[in-house]
Amino acid sequence: PIRHSSHGKRMFIIKATRFYDARFLNLLRFYIFLTGIPVAVFITYVNIFIGEAELAEIPEGYVPEYWEYYKHPISRWIARYLLDPPEKNYEKAMALLDVEAKKTELRLMELEARRLMRARGDGPWYHYETPDKNLTDDSMKATPDN
Amino acid sequence: VAEWIERQQAKNKFYYYHQKFRRVPDLSECMEGDYLCFFEAEAQWRRDRMVDQEIVAIVRERVGACQQREGPNQYQNCAKEMEQLVQVTKAYQDKYGDLGVHGNARTCLMKQKHRMMEERKAQANADE
C-alpha cells in the first residue's frame, strides 16, 4: 500500500462485520448444491439419454396403460409407480357418493316412517305406557268434579 | 450435437397418447337424486370446458401468429382469423361466461335454460 500508492496514509476502515453474512451465504450455497447438483445431473441424463415420448395415434384394438398418457419419462415413472390410476380414484369417489346417497335415502325414509307412525298410530313405534284399565273407579262420587 | 442426442434417444422409443373418454349421459339425462350420474356428468362437463378453453387458446394463437406474419397489412389479410376469434369467444362467453369460480354443470345447464327462455320470448315478441 505504501509502496504502490503515491498518496494517502494507511487507514484502518471500520465497517460492520460481514462475517456472519458470508458464512450464511456459504452454508446456503453448500446445502442447496448438496442435493441440487445430483438432481440436476439426473434430470439432464434423463432428458438426453431417455428422451421424451412421441405423440402417436392410439393403435387399433390397443388400450394404453394409464401411465402412457404422459410425455416426460419422469412423470410417466411417477404415474406408474407412485400414483394410483385415475380410474381407481374415480371409482373410489363414486363408491363414497353411493354410500352417502344410500344413507340419505334411508334417513329420509326413516323420517317419513316416523311421521306416518306418529300420525296414524298403527305401527310398532310411539307406544306410550298408560295406567291399567282396572284401576279406574267408576262408582258414583260425592262431588261432581272428582 | 443434436444428432448425437437424437441417436441416443432413438434407442428406446416410447409413445404417449391422447386419452379418449367415453361419453356418459349428460346432466339433462340424469334422474333426480342419482348422485353417481351427477358426478359422471360433472366430470364430463369439466373435460368439455377444458377442451373449449384450449380451442379458444388455439384460435387466439392463430390470430397472434397471423399478426406477426403480416405485419403492417394485418387488418386486411387476417380478417378470417379475427372473425373466427370473435365467433369462438362469443360462443365461449355465451356458454361458460359468467358462471364464476364455482360454476359447475348444473349452473351451466341453468344458464342454457335461461338463454332458451329468452330466445323464445324474443321470438314471441318478434312474431307479434
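This is a predicted model: local features need pLDDT of at least 70, side-chain atom pairs count only at pLDDT 80 or more; totals for chains, interfaces and linings use all residues.
**Cysteines of chain B**

C108(B) stays out of it and is in no disulfide. The nearest cysteine sulfur to C108(B) belongs to C30(B), and that one is 14 Å away. C108(B) is buried, at a relative accessible area of 7%.

I then searched the whole structure and got two disulfides over all chains.

**C30(B) and C37(B)**

I looked up this pair next. The disulfide joining C30(B) to C37(B) has an S to S distance of 1.9 Å. I get a torsion of about -75° about the S-S bond, so this disulfide is left-handed. Buried or exposed, I wondered, is C30(B)? C30(B) is buried, with a relative accessible area of 13%. C37(B) is buried as well, with 14%.

**C66(B) and C78(B)**

For this disulfide I find the sulfur atoms 2.0 Å apart. The link is left-handed, with -100° about the S-S bond. It connects distant parts of the chain: C66(B) sits in helix α2 of chain B, while C78(B) is in the loop between α3 (74–77) and α4 of chain B, twelve residues apart. I checked burial too, and both C66(B) and C78(B) are buried.

**Helices α2(B) and α4(B)**

At what angle do α2(B) and α4(B) pack? Helix α2 (residues 35–70) of chain B and helix α4 (residues 79–96) of chain B pack at about 155°, and I find their axes 9 Å apart. Angles over 145 degrees count as roughly antiparallel, so I file α2(B) and α4(B) as roughly antiparallel to each other. The crossing of α2(B) past α4(B) is left-handed.

I listed who makes the contact. From α2(B) I noted, among them, W45(B), V56(B), V59(B), V63(B) and C66(B). That is the C66(B) of the disulfide with C78(B). From α4(B) the contact residues include M82(B), L85(B), V88(B), Y92(B) and Y96(B). Charged residues turn up too, including D48(B) and R49(B) on α2(B) and E81(B) and K95(B) on α4(B). Sorted by class, I have ten nonpolar, four polar and seven charged residues in this contact.

**Q8(B)**

Q8(B) is placed in helix α1 (residues 2–9) of chain B. Which residues does Q8(B) touch, not counting residues up to four places away in sequence? I find I48(A) and F49(A). Q8(B) is buried, with a relative accessible area of 14%.

How values were computed. Residues are numbered from 1 along each chain as its sequence is written. Chains are lettered from A and ligands numbered from 1 in the order in which they are written. Side-chain values use heavy atoms; hydrogens and water are left out. Axes are lines fitted to C-alpha atoms, for helices over the stretch in contact, and angles run from 0 to 180 degrees between N-to-C directions. Helices (H or I, at least four residues) and strands (E, at least two) are DSSP runs, numbered from the N terminus. Angles under 35 degrees count as roughly parallel, over 145 as roughly antiparallel, 65 to 115 as roughly perpendicular and the rest as oblique. A crossing is left-handed if the near helix is turned anticlockwise from the far one by less than a right angle, and right-handed if clockwise. Contact means heavy atoms within 4.5 Å. Buried means under 20% relative accessible area, exposed over 50%, partly exposed in between (1.4 Å probe, protein chains only). A disulfide is a pair of cysteine sulfur atoms within 2.5 Å.
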